[in-house]
Amino acid sequence: QVQLVESGGGLVQAGGSLRLSCAASGTIFSINAMNWFRQAPGEQRELVATITSGGNTNYADSVKDRFTISRDNARNTVYLQMNSLKPGDTGVYYCKADRVRGSPFRSPRDYWGQGTQVTVSS
């Protein structure tokens, strides 16, 4: 069993910065892509950023040039550095790990974190 725990959320003024962390724990052999999603009240969950096992990144247009996703494979941790925050960035941010393997002999599965609240005030 694998658990993802997010941290780093909070209340910040527009123009400020936050860094989110997501650490995966448990028996982990490998993880493919790691992702950050967010969900605003009354809205659909949306993909914010993705980083592959090889380090390639993709971002939603709304956050490109402001957010940076990175990962530390040795610690099974993914980060999201958020700069120049806007009120529209407010929401619950979720970490997702794709195709996690507990051993090389087991089929992979995806895991979600519990989410961390980010609130940007104007």
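Let me begin with a term: rings of Phe, Tyr and Trp, the last by its six-membered ring, pair if their centres lie within 6.5 Å. Planes under 30 degrees apart count as stacked, over 60 as edge-to-face, and the rest as tilted. What we have on the screen is a predicted model. A search of the whole structure finds two aromatic pairs.

W112 is partly exposed, at 37%.

Now the other pair, which is Y94 with W112. Here the ring centres are 6.5 Å apart and the planes meet at 80°, so the pair counts as edge-to-face. Y94 belongs to strand β9 and W112 to strand β10, so the parts tied together are 18 residues apart in sequence. Y94 is buried, with a relative accessible area of 13%. Put together, ring pairs link F37, Y94 and W112 into a cluster.

Let me step back to the chain as a whole. How many helices and strands does the protein chain have? There are zero helices and eleven strands. Read from the N terminus, then, the elements run β-β-β-β-β-β-β-β-β-β-β. The radius of gyration is 14 Å, close to the 14 Å that the globule rule gives for 122 residues, so the chain is as compact as a globular protein of that length. Along the principal axes, the C-alpha trace spans about 50 × 25 × 25 Å.

Next, burial and contacts. Of the 122 residues in the protein chain, 40% count as buried. Taking contacts between residues at least 6 apart in sequence, 55% join residues at least 24 apart.

Last, the backbone. Most residues other than glycine have a negative phi. S84 is not a glycine, yet its phi is positive, at about 50°. Where is S84 found? S84 is in the loop between β8, residues 77-82, and β9, residues 91-100. S84 is partly exposed, with a relative accessible area of 40%.

R99 is the other one, again not a glycine, with a positive phi of about 55°. R99 is found in strand β9, the strand that also holds Y94. At 48% relative accessibility, R99 counts as partly exposed.

To go back to where I began: the search gave two aromatic pairs, and F37, Y94 and W112 are linked by them into a cluster. That is what I have.

Key: Residues numbered from 1 in each chain as written. Predicted model: local features only at pLDDT ≥ 70, side-chain atom pairs only at ≥ 80, totals over all residues. Heavy atoms only, no water. Helix = DSSP H or I, 4+ residues; strand = E, 2+ residues; numbered from the N terminus. Buried < 20%, exposed > 50% of the residue type's maximum accessible area, 1.4 Å probe, protein only. Rg over C-alpha atoms; globule rule 2.2 N^0.38 Å. Contact = heavy atoms within 4.5 Å.
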